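Work through the exercises below with the model open. Each task is followed by a solution in steps.

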Amino acid sequence: MGANSKHSNKGKKTYVDIYSIKEKKSRKKYIGKIFSILFFAIIGIIGSGMIYVYNVINSFNYDDLSNSNDASEATEDQNSNDKIDNDGDIQTDNMILNVLLLGIDGTSKDDKGRSDSILVTSLDLRNKKIKITSIMRDTWVKIPGYNSDRINSAYSLGGPKLTIDTIERNLGIMIDRYVAVNFEEFSKVVDNLGGIDIELTASEVSYINSHASDKQKLKGSGMKHLTGSQALQHARNRDSSGSDYDRTQRQRNVIVAGINKLKEANLLQITKMVSDIAPMVTTNLKTSEITKLSKNALTYLNFETDQFRIPTNDNVKSETIDHKMVLVISDLNKAKKDLNKFIYERE
């Protein structure tokens with residue numbers, strides 16, 4: 001503004017004009033006022049933005065699990081110790097953050113329900129990967145303090161804490177944090193992402209059309225844009241080919257589709273989506289951890305995505321126990337090694 005206010009004197013008579021002097025003084029005073037207003041406006045905007053982000057982060061339903069492990073916060077220190085044994089054979093790595101994702105089928109906030117979906121999402125900073133592991137809900141396991149049962153019953157018996165203990169003791173990996181969302185809220189989460197795009201078979205399309213609440217029906221097969229209601233039904237579909245085996249694949253595909261959708265967003269859009277989603281989520285991620293993850297979200301979203309499932313096809317048998325159809329892991333040590341190799345990339 002200062003440069004634009006200067007007038008060229010070339011070819012003109014130079015003299016002191018007292019009116020011009022007064023005008024310049026007035027202009028400087030005016031510019032000073034504008035600068036002050038702009039300065040405090042910017043400070044106000046930044047302050048409001050900080051308050052907004054703080055409120056967003058604190059709108060998550062925080063559940064500090066009693067006697068829970070401190071988070072093995074992933075760092076980018078390449079010289080850090082990459083293997084620590086806890087309780088003999090529970091593996092962890094301070095460059096990999098394992099977050100347990102639980103989809104709960106309870107019908108109300110007070111109804112614990114069962115964990116209809118159990119996935120471990122591993123943020124691997126060493127190899128720059130996001131690894132998604134499905135744990136099939138009918139897997140027969142020893143539940144600490146209880147008899148053996150399907151793994152999804154651990155949630156109804158003791159919530160996320162018992163589910164975490166069950167996974168750690170049976171599969172030998174450290175669960176650092178957890179995130180739980182009721183299936184009644186899941187569709188809202190997807191809608192807040194603006195829907196997701198997934199490749200579907202004709203059978204899957206038919207299932208979605210029969211169960212989703214949308215009036216607009218999908219047609220044919222191929223890449224489809226799903227609303228929250230449609231994505232929810234796709235994730236719960238165990239009637240199409242493959243039964244629960246393909247169902248867990250569908251759940252992983254939904255997660256990957258959500259990650260791909262977030263890749264298209266900028267930081268402001270991500271913050272807005274987190275703001276909308278946060279009240280629907282219960283987690284023991286600390287405020288500082290959510291802040292760090294949000295800050296680096298655009299970097300993490302560009303990581304390669306890998307998928308895995310427990311039990312694997314070569315290490316499972318279907319049995320009927322206590323009148324329940326269950327999946328029994330044939331060799332638990334092999335399952336631990338396979339999962340350890342996938343998440344930590346070590347034998």
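**Exercise 1. Pairing around β5**

Find which residue of β5 is the bridge partner of I104, and describe how β5 pairs with β4 and with β6.

Solution. The model is a predicted one.
Step 1. The bridge partner of I104 in β5 is S115.
Step 2. Strand β4 covers residues 96-104, and nine bridges join it to β5 in an antiparallel arrangement.
Step 3. On to β6: β5 spans residues 115-124, β6 spans residues 129-135, and these two antiparallel strands are joined by six bridges. Within this pairing, V120 has T133 as its bridge partner, and T121 stands opposite I132.
Step 4. Between β5 and β6 the hairpin has four residues, and K128 takes a positive phi near 55 degrees there.

**Exercise 2. The sheet as a whole**

Give the strand order of the open sheet of seven strands, and state whether β5 is buried or exposed.

Solution.
Step 1. The order reads β1-β12-β9-β4-β5-β6-β13, and the pairing is mixed.
Step 2. At the edges are β1 (61-62) and β13 (304-310), each of which pairs on one side only.
Step 3. Buried residues have under 20% relative accessible area. In β5, 10 of the 10 residues are buried, so the strand is largely enclosed by the rest of the structure.

**Exercise 3. The surroundings of V205**

Locate V205 in the secondary structure, then list its contacts beyond four places in sequence.

Solution.
Step 1. V205 belongs to helix α4, which runs over residues 202-211.
Step 2. The relative accessible area of V205 is 3%, so V205 is buried.
Step 3. With neighbours within four places in sequence left aside, V205 is in contact with L200, L218, K219, G220, S221 and K224.
Step 4. Take K219 from that list. V205 and K219 are 14 residues apart along the chain, and 7.1 Å separates their C-alpha atoms.

**Exercise 4. The largest cavity**

How many cavities of 30 Å³ or more does the whole structure have, and what kinds of residue line the largest cavity?

Solution.
Step 1. A search of the whole structure finds two cavities of 30 Å³ or more.
Step 2. The largest cavity holds about 1400 Å³ of space.
Step 3. Its lining has 40 residues, and L101, V179, I255, I259 and L262 lie nearest the centre of the cavity.
Step 4. By type, the lining of the largest cavity has 32 nonpolar residues, eight polar and no charged.
Step 5. Helix α6 (residues 243-263) gives the largest share of that lining, six residues.

Definitions and conventions:
Residues are numbered from 1 along each chain as its sequence is written. This is a predicted model: local features need pLDDT of at least 70, side-chain atom pairs count only at pLDDT 80 or more; totals for chains, interfaces and linings use all residues. Side-chain values use heavy atoms; hydrogens and water are left out. Buried means under 20% relative accessible area, exposed over 50%, partly exposed in between (1.4 Å probe, protein chains only). Contact means heavy atoms within 4.5 Å. On a 1 Å grid over the protein atoms alone, a cavity is a set of points where a 1.4 Å probe fits but cannot get out, and a pocket is an open set with protein on both sides within 12 Å along at least five of seven lines; lining residues have an atom within 4 Å of a point. Grid points are joined across faces, edges and corners, and a volume is the space filled by probe spheres set on the points. Ala, Val, Leu, Ile, Met, Phe, Trp, Tyr, Cys and Pro count as nonpolar, Asp, Glu, Lys and Arg as charged, and the others, Gly among them, as polar. Two strands pair if DSSP finds at least two bridges between them.
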